[in-house]
Amino acid sequence: MNQNTGGYQDNPFVAQLYDQVIPYRDRPDVAFFVDFAQESGGPILEVGCGTGRVLIPTARAGFPITGLDLSQHMLEVCQQNLVNETQEVQDRVTLIQGDMRDFSLGKTFSLVTTPFRPFQHLLTLEDQFSCLTSIRRHLKPGGVLILDIFNPSLESLTADNLGEEIGAEPEFTTPEGIKVLRSNKTISRDYINQINQVELIYNLTHPDDRKERLVHAFYMRYLFRFEAEHLLSRCGFKVEGLYADYQKNPLGFTYPGELIFVARAC
Ligand SMILES: C[S@@+](CC[C@H](N)C(=O)[O-])C[C@H]1O[C@@H](n2cnc3c(N)ncnc32)[C@H](O)[C@@H]1O
């Protein structure tokens, strides 16, 4: 497994099912990112754009947006999703396969976004630094980065559930009639490097009752609030906002909540 890419390239089934997974489909962040797009006026770069969950609504709202993602499978689904959009919307979108750790797109943006934590698939400080430096190079003077990561919950980090399959989600049925019930498992916690090894388990029941178990295994590095602030500062950003959720409530409004940084290139 390539440890720095979130397992999206190694597991094509994730891209095929992604838009149907209920917590992804219902994630309440789209309006938040579209509002920032509006404020910036565009153009926008979404780093780790995936299947276009946020990218396509942003293009629909009238803004030119480039989506960068390393997974060919996620980009293929994004391309298929775009086919259902008007020509105008399609014309606003550019998709690029590339690694957020080091990219050169030959243009600059007013806003760079990272919806739903792609940055946390970077497992070393070097990779984080190189990614933020690449992003910084792609921002217009005074442009804004929204770094969207989760606030690590001390309770979850110390929970006595290593190796346990937990957290079954509401079941969904694919257009092919396959029933999918997802659960998750934490395989290991590396407290020194702040890396969790996680599995998302897709339990499938096919229309002929055949059972199948697919595993999306990946690593995620968590960052604490002040660590992320220092990192952003070191990479040429000034933090102007920090939210706990996509309704723009401040950090501390809920625990653990998210860590959503609004950071301006300086
Ligand atoms: C949780 S998904 C988020 C997708 C999308 N932003 C959304 O909100 O639905 C994380 C995405 O990050 C991408 N990704 C992971 N590592 C990457 C890397 N090193 N460079 C570019 N994209 C990467 C994955 O391929 C995946 O599409």
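Which side chains meet in a salt bridge with an N to O distance of 2.8 Å? Select R182 and E169, and you have the pair. Keep in mind as you look around that this is a predicted model.

**Stop 1: R182 and E169**

With the two residues still selected, colour the chain by secondary structure. R182 is buried, with a relative accessible area of 3%. E169 is buried too, at 18%, because the cut-off for buried is under 20%.

**Stop 2: the sheet around β7**

Stay with β7 and widen the view to its neighbours. Four strands form an open antiparallel sheet here, in the order β6-β7-β8-β9. At its edges you will find β6 (172–173) and β9 (211–221), each pairing on one side only. Next, select β8 (residues 195–205) together with β9: these strands run antiparallel and pair over 11 bridges.

**Stop 3: the ligand**

- G48: a polar backbone atom is 2.7 Å from a nitrogen atom of the ligand.
- R53: an N or O atom of the side chain is 2.8 Å from an oxygen atom of the ligand.
- D69: a polar side-chain atom lies 2.6 Å from an oxygen atom of the ligand.

On its own the ligand has 590 Å² of accessible area, and the protein covers 99% of that.

**Stop 4: further salt bridges**

The model has 12 salt bridges in total. Select R117 and E258 for one of them, with the closest N and O atoms 3.0 Å apart. R117 sits in the loop between β4 (109–113) and α7 (125–137), while E258 belongs to strand β11 (residues 258–265), so this pair links parts that are 141 residues apart in sequence. Both residues, R117 and E258, are buried.

Then pick E240 and R264, another salt bridge, at 2.9 Å from N to O. E240 lies in strand β10 (residues 237–243) and R264 in strand β11, so the parts tied together are 24 residues apart in sequence. E240 is partly exposed, at 46% relative accessible area, and R264 is also partly exposed, at 32%.

Finish by selecting R27, D29 and R53, which salt bridges with shared partners join into one network.

Definitions and conventions:
Residues numbered from 1 in each chain as written. Predicted model: local features only at pLDDT ≥ 70, side-chain atom pairs only at ≥ 80, totals over all residues. Heavy atoms only, no water. Pairing = 2+ DSSP bridges. Helix = DSSP H or I, 4+ residues; strand = E, 2+ residues; numbered from the N terminus. Polar contact = N/O pair within 3.5 Å; in protein donor to acceptor, adjacent residues only side chain to side chain. Areas by Shrake-Rupley, 256 points an atom, 1.4 Å probe, with all protein chains shown as cover. Salt bridge = Lys/Arg side-chain N within 4 Å of Asp/Glu carboxyl O. Buried < 20%, exposed > 50% of the residue type's maximum accessible area, 1.4 Å probe, protein only.
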